[in-house]
Amino acid sequence: MKNSPTVYAVNGLISNGLTTIEAEKRQAAYGLNTFVEMRRQSAVSTFFEEFKNPLVIMLLCASAISFFSGSYVSSVLIIAIIIISSIINFVVSYKSQKSAEKLALQIQPKAIVIRDGKEIAMAVEYIVPGDIVRLEAGNIVPADGKVLASSDFFVNESSLTGESFPVEKIDAAEVYLGSGVVTGSATIEVVNTGVRTKFFDIVALLAKKEQPNEFERGIKDFSILITRVVIVMTVFVFLVNALLKHDILESLVFSLALAVGLTPELLPMIIALNVSKASIKMAKMGVIVKKLSAIESFGSMDILCTDKTGTLTEDRIALVRCVDLNNIESDEVFKLAYLTSYYHTGTKSPLDEAIVEYRNLQDENFKKFDEIPFDFERRRNSIVAEFTDDADANKDTDAGLTNEPKHILISKGAPEQMLEVTTLTVEQKIKAMALFTELAESGYRVLAVASREMTENKDRYTPVDEKNLEFRGFIAFIDPPKQDVKEVLDELVRRGITIKIVTGDHGIIAEKVATEVGFTSIKMLESAEIDALSDEELAHKAEETNIFARVTPAQKNRIIEALKSRSHVVGYMGDGINDAPSLRTADVGISVSNAIDVAKEAADIILVNKSLKQLIDGVVEGRRTFANTTKYINMAISSNFGNMFSMTGASMFLPFLPMLPVQLLLNNLLYESSQFALTFDNVDEEILNKPKPWDLGFIKKFMIVFGSISSVFDFLTFFVLYKIFSLTGSSFQTGWFIESFATQTLVIFIIRTQRSIFSAKWAHPLVTLASVGAVVVAWYIALTAVGNIFGFTTIPFKYLVCIAGIVGVYLVVVEIAKKYFYSNYLAKRS
């Protein structure tokens, strides 16, 4: 029966695993198997999180000051604006939170656990002490445990214990949460979970200790910049108002409101809404986003480092030749290669699978005795088989003796490293390398096979025993390039992404594949050359190199770091155990849904299928997200800087406040609320065709140029209102409010694109509706009886016509300035 319980025997003991009921009791007692108890906030707690925002706390203080100074209406209005703003932020953030949780369930790590006598795939967070867990190569050990049964079980504990090489774990040995299974398989009994595990502190730190990607670094730098500017200017405005107007409380409230109005406090919400919307859309395309902040970096990526197998090639490897040193087909070479692959434990490599599938070869005379797993220093794996020599067996039988089986060590691996441990003469090695080169230049992937009959049997074998081997021959595989890969690579190049092949294969093979998929020129670095370069030298060389061959995991990391040091945004695509460090180091770590656990755990983005076409879809969506985020930043920082400068000047020369604190907050609420629509905006094609990394220098220039233009028109408005129309107090404040709000809101139609407003893609209807609607609402409040609540007053129609004219001229000037700004900026970049 399909669902009938299975009885498991471990070292002769019968184990059906825990029952569901017992597991639930232990879950209640020990909690979830996580580093930190997962916070799934309720709607209420998420809403109250909004009130922890430093800017909101500043406003609450301002409201309290207003209340105790007798400005009750102002105090109530400030509270009302805080609540409305928090509700808007809550709706966006809660929706984004739920979307992220939904996507996270699709990539939740799982383990094979025995429960109620059946093997089930279970989320690792639900594992409890006493569970029986199956592990094989590529898995992450999900909890601390004790090995019950094992077969050539090696784990990598380097991040926990500092031990650089895989460690063999035999029966009764302890294994620890966070270790990676390198080879072999095992059954373990879980001893401790979550915070009770031995290396909990280290594992939790490793889980959190990720290098910030390019977008995160940019946002941090931007935040520091805006904080410094706001603090300096706000303190200055407070001191000027306090000294000239002799009203410390009003000046303090005004300065605090100004600080809030000048800070793009909706930036986190805009980013959250942008990436949430993009992650849902990308998931439908087959691109699952684990780390939301990687979406913008995905769009900014200008270099993609990738292995060739399965990415540029079909990943359908077939064995085609087995030859000896004289290039003659040899069954003996195949037989030895078959034994190393057939008896390889854990997850078999595509090469091992190709050998086993080539021909079913079972020889009862050979039985596996031991295994020496592959590592990237030796570049080979070995098995030790025991066999009985038929001639010796007959002699021993005739003599009445017991025949002892002999041991044979069989190694298979990279030709260069294999030849070093063989007994070939110099001339024979030259001949072997010539044959290898001939096969590689024909497009074959090549492994060498060697063996040695042991003169004396041992209980255990290690890499030290891999010496004095008899060279037996080569096995050659074919892995043809994908049919559409050239078309896809051409599209990536058209969109400004450079492809670099980073492979453990020989350079000849990598060059052959690169030529077949459309590389027009080849510049290669191999392992020994990389080691000979300093970090600075490698940084220069890496930019011009498009194939890195025979590289180790550590060298992959060096290559990525070198490229990043040259201001590139680097993506890395991999699916193996050795790819995990590079996936973390890259700005964007990309893996596939059928990758091993350690690779998926380290990646930022998971492709449902290992296809570069999905990468193109993801890159385009990332660029759209980045473009719409930077639209908000450019508009907010320039208009806010302009307003800040205008406020500072007005405070020095006007005998009254240019705008009341509550009017500032109303302006900020309406303006920021209209900007949520930017996440839906259309993006010009040239923005989608080229990567645009984060550029703080550009943001500074944009802020100064367009902020200054905004201030010039503010000062013009001040002059017209105060000197020509003789407006003061609330009438002046009303006039400047409607001018200021119209200019900072409508300018989005100009600066949302580098193109002329007449040749650019039209703004999304939601952007138009939100922006124009916000101006209508703001003017309605200021010019009707509703405005009395905020201290506004009605002003004559002729003044409104003049203000509308100022707004129109401002937009024309910005359009002209934009043309010269971008031509100068683009000229300097080129």
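Which side chains meet in a salt bridge at 2.7 Å, N to O? Asp681 and Lys631 do, a salt bridge being a side-chain nitrogen of Lys or Arg within 4 Å of a carboxyl oxygen of Asp or Glu. Keep in mind that this is a predicted model, where local features need pLDDT of at least 70, side-chain atom pairs count only at pLDDT 80 or more, and totals for chains, interfaces and linings use all residues. Residues are numbered from 1 along each chain as its sequence is written, and side-chain values use heavy atoms, with hydrogens and water left out.

**Salt bridges**

- A search of the whole structure turns up 26 salt bridges.
- Asp681 sits in the loop between α24 and α25 (685-689), and Lys631 in helix α23, 50 residues apart; helices are DSSP runs of H or I, at least four residues, and strands are runs of E, at least two.
- Both Asp681 and Lys631 are buried (under 20% relative accessible area; exposed is over 50%, partly exposed in between, with a 1.4 Å probe and protein chains only).
- Arg460 pairs with Glu168, with the closest N and O atoms 2.3 Å apart.
- That pair spans 292 residues, from the loop between β16 (445-453) and β17 (470-478) to strand β7 (residues 167-168).
- Glu168 is partly exposed, at 23% relative accessible area.

- Arg566 is partly exposed at 33% relative accessibility, and Glu543 is partly exposed at 31%.
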